[in-house]
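Welcome, and thanks for taking a look at this one with us. Please have the sequence and the model open as you read.

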Amino acid sequence: MKGTKIKSNDNILDYVLLVVFLFIIVITLYPFLNVLAISFNDPIDTMRNINFIIPRQFTTSNYVYVFEENDLVKPLLLSVARTVIGAGIGVICTAMLAYVLSRKDFYFNKLFTLLFVITMYVSGGLIPEYLLLMRTLKMGNNFLVYIIPGMIWVYNLILVRSFIEGLPAALQEAARVDGANDFIIWAKIVLPLCKPVLATVALFMAVGQWNSFMDTYLYAKELPTLQYVLYEIMEKATIKIDPHAAEQMKNAVSPLSVRMAITIIATVPIIIVYPFLQKYFVGGMTVGAVKD
């Protein structure tokens with residue numbers, strides 16, 4: 001009887017977990033499916049009701065409006081360039097600094113780590129940053145303004161440093177006995193072992209670079225990125241109906257429909273990239289779980 005009762009309880013628990021997981025899946029997927037459906041739905045129909053996950057009246061007019069009336073080629077190339085270059089340089093610089101801070105023979109590692117952490121809670125503010133970049137460094141409308149200010153993210157730095165501290169110290173000691181210097185140890189021993197956390201950091205930095213548009217607005221309007229151009233399109237979007245097709249309203253667009261189309265356009269590249277880094281993501285986020 002006890003075995004039957006335990007088995008019955010396990011079955012009930014399985015059903016409860018199934019219901020919970022299905023609920024989580026629904027609330028997770030619904031917002032994205034709703035945005036996708038609105039982006040492909042007739043704007044006039046969308047104004048009546050926005051709660052659906054399948055386009056009621058399918059149309060591509062929202063995407064046609066975004067792509068036909070705006071030149072997105074140059075902004076797209078700039079966004080790709082800043083994402084690839086910014087994330088690449090950022091990962092390398094973060095890994096270098098994290099290695100230095102992880103060294104126990106570096107006397108000031110705790111002091112410098114504390115100083116970096118303080119910047120996560122206290123910053124100089126927007127005005128000092130603007131004056132530094134525009135007046136002191138003369139980086140206005142310069143591509144480097146997309147790269148240099150974001151080379152080091154403190155959260156990523158702590159993440160990589162914690163991962164390096166979890167690596168077996170004997171590997172670095174053996175390499176040092178064989179005559180390897182710090183750069184060789186970092187490049188040939190530490191970096192290959194840090195692939196999970198570096199892939200995670202690369203994903204974080206790539207998403208941040210891809211989604212950023214405020215730095216374009218403040219510092220580089222002559223070098224507009226895709227996100228900034230899409231933001232301008234969204235701000236300017238008004239209800240537009242072709243007078244020659246007013247009855248069918250096939251060419252109508254609305255701010256909401258354009259906003260949803262822009263959201264999908266901005267999201268798709270990251271969705272494409274994420275599966276290639278997913279296998280490293282969990283390992284990178286569980287840094288420090290196993291210590292030597």
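## About the model

This is a predicted model, in which local features need pLDDT of at least 70, side-chain atom pairs count only at pLDDT 80 or more, and totals for chains, interfaces and linings use all residues. Residues are numbered from 1 along each chain as its sequence is written, and side-chain values use heavy atoms, with hydrogens and water left out.

## Where α9 meets α10

Let's begin with helix α9 (residues 182–193) and helix α10 (residues 195–211), whose axes lie 5 Å apart and cross at an angle of about 75°. That angle makes α9 roughly perpendicular to α10 (a label for 65 to 115 degrees). Axes here are lines fitted to C-alpha atoms, for helices over the stretch in contact, and angles run from 0 to 180 degrees between N-to-C directions. Helices are DSSP runs of H or I with at least four residues, numbered from the N terminus.

On the α9 side, L191, P192 and L193 make the contact, and they meet K195, P196 and L198 of α10 (contact means heavy atoms within 4.5 Å). By class, this contact has 5 nonpolar, no polar and 1 charged residues. Nonpolar covers Ala, Val, Leu, Ile, Met, Phe, Trp, Tyr, Cys and Pro; charged covers Asp, Glu, Lys and Arg; the others, Gly among them, are polar.

The whole structure holds 6 salt bridges, each a side-chain nitrogen of Lys or Arg within 4 Å of a carboxyl oxygen of Asp or Glu. One of them joins D215 to R82, with the closest N and O atoms 2.7 Å apart. D215 sits in helix α11 (residues 214–219) and R82 in helix α4 (residues 73–102), so the pair links parts of the chain 133 residues apart. Both D215 and R82 are buried (under 20% relative accessible area; exposed is over 50%, and partly exposed lies in between, with a 1.4 Å probe and protein chains only).

## Other charged pairs

Within helix α7 (residues 154–165), E165 and R161 are 4 residues apart, about one turn of the helix. Their salt bridge has its closest N and O atoms 3.6 Å apart. E165 is partly exposed at 31% relative accessibility, whereas R161, at 18%, counts as buried.

D182 pairs with R176, the closest N and O atoms being 2.5 Å apart. Here D182 is partly exposed at 37%, and R176 is partly exposed at 36%. Finally, D45, R48 and R56 are linked in a network of salt bridges.

Notes:
Helices (H or I, at least four residues) and strands (E, at least two) are DSSP runs, numbered from the N terminus. Angles under 35 degrees count as roughly parallel, over 145 as roughly antiparallel, 65 to 115 as roughly perpendicular and the rest as oblique.
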